[in-house]
Each structure stands twice: as C-alpha cells, then as structure tokens.
Amino acid sequence: MWLVAILVCAGWILSLCFHEFCHALVAYWGGDISVKDKGYLTFNPLKYTDPGLSLVLPLFFLLLGGIALPGGAVYINHSLLRDRKWESAVSAAGPLANVLIVLALSIPFQLGWNRFDLTELNSETFVTGTLIFVSLAFLILINIYVILINLLPIPSLDGYGIIDPWLPHSVQRYLKQFGKYGIWILIGLLWFVRPFNQFLWNLTETISEFLKIPVESALIGGEIFRQYSVVLVVGLLAVLWLFGSKEKQWYVKGNNWVGVKRYSRALTCYDRALKIKPDYIEAWQGKGYVLMQLQRYEEAIACYDKAIELNPQQSQSWFVRGLILTNLQRYEEAIASFDKATLLQPDGAEIWLYRGQTLLELQQYETAIASFDRTISLQPKRDTTSYAWYYRSYALSRLKREEEAISACDRAIELQPNSGVFWMLRGDLFAASGRDEESLASYEQAFHFQPNLSEARNKRDRLLKKLNLLK
C-alpha cells in the first residue's frame, strides 16, 4: 500500500514542476529572460520560490479532504513580456501542462492495460500492477480537478491571469486588490459552498469517464493515499525545509513585504538573504528596488551595480539602474544604462519607452521619436503603446510638427480614452494651432475623466474667458 502513497506524491510533485516549468518557458519565449537566471527552467522543485507551500501544502489538503489545490511557485516579471497575448499565454501554459499530463497518463487506460480485479486490494496478496493503476487513476483525477480550479476567473489563479490583460485598467486595479485573498476565496468556495465543489467533482468524474479512467479505481487510490501518506508528506516537508535554500525563504519574505509596501521590513529580509548568500543576484535587485522606493537612490544604484557585477548579462538590472539615474537627473548615464539593456533585450518595449522619455529631458527629440517608434513596433501592452504615442506626440510638438503631433495624440487616446492627461495634451496642441473650440472640447474631456486634474481645469477656464471676450 505504501507504493500508492509514493507514486501519488512523486507524480503530484512532477506534475506541479511541469506546470511551473511551462509557465516559465512561455514567459522566456515571451520576453522575460530573467526566468532563466532565476533557475525556473528546470524540474528541480528546490529552485521554486516556495517549494514547501507550493508543493507540499496541496498534498496536505489532499490528506484533509481530497481537495487538490494548484501550486504556484515561479515569479514572472510581466513588465518584460512583449504584449497582452504573451501575458495570457503565460497563464494558460500551466493548465495546458496539466492537460498534457492527463492525456499522457491516460494512455495505458486508453489501450486497455488496466485489466485487474479491485478485490485483490483486500486480499493478503495483491498485484503491484493493480496499485500502479489505481495510483495513476487518482493522479489523473486530481489533475483534472486542478485544471478546472485553475481555470476559475479568481485573482491569483491562472484563469484570471488569462483574462486580466484584456480587462479595462480600472477593473484590473480593483480586482488586483483581492489578489492576495484569492486562495482564501477559493478555499471558502470549495469547503463551504458544497454545491459548487460537488459540481466540480461531477465534471471531473465526467471527463475521467470520457478518457476511460475508472472513477472507482481513482477513489480507491485516493483512499489508500490518505491512509498511508501522512508520514511521507511530513517527511517531504522536512526534506524541503532541510535542503531548501534559507536565503530564498528570506527573499520570498522580502517580496511579500514589498507587496504590501512595508519596505523597511523587506529591506531587513533581503539583508538576511544576502548575509547567507552574498552573491544572491535577485536579493541585490530586490534590495535595490526597495531603496529606490525609499528614495535612497545612491544606495540603490550600488545594489544594482553589485547585481551587474555578478551577472552583467541581466537586462533588468541595467534597466532599473537607468530608471534610478533618471530620478537623479543624471540623464546621460541613464541613457548609457538603457542602451546596455536594449543590447541585451532588443525587444524590451518598456526599455525603449523609458529611453525615449529620458531623451526628451535632453531635448533630443528626433532620437526620442525613434525610441518611441521602436516601442510601438514591438506591439507591447496597451498602456505601454499608449504612452509611447503620447510622448511621441509631445516630441513632435516640440519640433513644431503640429498635425503629426495631433495625430499621435489621437492614437494615444484611442488606446486609453479615459486618460485626462492625454486629452489635456490634445487641448494644448489645438491651442497652439489656434483651434480654440477643439482645444476647449479636449480640456472638457480631460476634466471629465480626471476631475482632480487642476491644470486641465485652469486651462479650460482661461480659454472660456478668452472665448467670452471674443464674443
């Protein structure tokens, strides 16, 4: 009977590793090359962000009540992904990985190799093959269940991640507030809303039967697993604790504190991680980011310089270093950092965008326009593209190319029609061309979408007075 516990635990961990590997692989294809440096392109569970919570916690839930929760163990930098399609693809990769696992494990059942007598399990002697097949049946069952759960549109689950890039920004901001509570919402639904949980299990059993998986065998496998796997799961947790990286645990805690903007505590965690492992690149980057948020810019640059010293091929370090230098108004140095980042990641849309913004500060308008054009050509996310058009419009206006500037501003508004700042620039462009009526309409729109945008209100009021005088 121990064979069932071993096979299910091993199969579950491998399935979660494959799930996370596919997330990381698609992210790598989509532009987040940092996943390779973080060691996520592997099947080693110790490389994940939190193997204890992500791999063993779901097993505990299986022991408690047969509820298989999906794991989550890799950190994807979504700002590096090329566009919304890649963001959705990264989220979809996990459930698709589980689908492939289900199809692969169901092959023996499809071929009819599972000819056995379940009464053998109650006898003193039983066939090992019988235990293998009930273990496989149970693994398939819980993987199907996890696919269905993961596709739910609840923040923090892959189902929500698939649709999130396509939602309006206001809806995204509202729902992301519940991201950290998503797992508890899910647990509440599964544990306390019995019809909902029963619906998922009924659908799971229907899919299993369609794949010729005997549900009775799967349920027997689950029962054996719960009887014999307690010691094994506790042992796995102990092994992960003993051999897992302590520095990574501090790093994860630091990231959690950053998520709630408790930067002082995050800084302490990153320092603890670096004390254990001084060459921990991600901890240097995390510390640098926190110091940047605390406006301790020189210290932040020193952290990113250390990360670059450890690995000069990471574009993210050069990129954020450029952002910090921009805050210090050291624009020439910032451009040099952005240029290094673009060499390492030529398809980094946000890098080109911030490079262009910095060139505006240096009044290098033609070169800035070329950077914005590069951003637009990469077809990045909607907000990145809209700001590229906005700043392109501004650069064109400084070059006295008013009609081109208005056209570019219209493209920005087309992508973000609720941006008061965009409408205000449009009003400025029309005002500069002497088209007062169109300028007034644009200022009205700016004030409508952002009532607290006092500059737009003041410009509107001045223009109203001017038009009244004309009358």
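Aspartate 164 is buried, with a relative accessible area of 9%, where buried means under 20% relative accessible area with a 1.4 Å probe and protein chains only. This is a predicted model, in which local features need pLDDT of at least 70 and side-chain atom pairs count only at pLDDT 80 or more, while totals for chains, interfaces and linings use all residues. Residues are numbered from 1 along each chain as its sequence is written, and side-chain values use heavy atoms, with hydrogens and water left out.

Aspartate 164 sits in the loop between α7 (158-163) and α8 (169-176), helices being DSSP runs of H or I of at least four residues, numbered from the N terminus. Leaving aside neighbours within four places in sequence, aspartate 164 is in contact with Gln172 and Lys176, contact meaning heavy atoms within 4.5 Å.

Turning to the cores, the largest nonpolar core has 33 residues, of which Leu360, Phe372, Met424, Leu429 and Ala446 touch the most other members; such a core is a set of buried Ala, Val, Leu, Ile, Met, Phe, Trp, Tyr and Cys residues joined through side-chain atoms within 4.5 Å. Among the elements that give two or more residues to this core are α19 (349-361) and α21 (382-398). A second, separate core of 32 residues includes Ala266, Val290, Met292 and Val320.

Finally, in α21 the buried residues include Trp389, Tyr390 and Leu396, and what covers the buried residues of α21 includes α19, α20, α22 and α23. Just after α21, lysine 400 takes a positive phi of about 65°.

Note on methods
Buried < 20%, exposed > 50% of the residue type's maximum accessible area, 1.4 Å probe, protein only.
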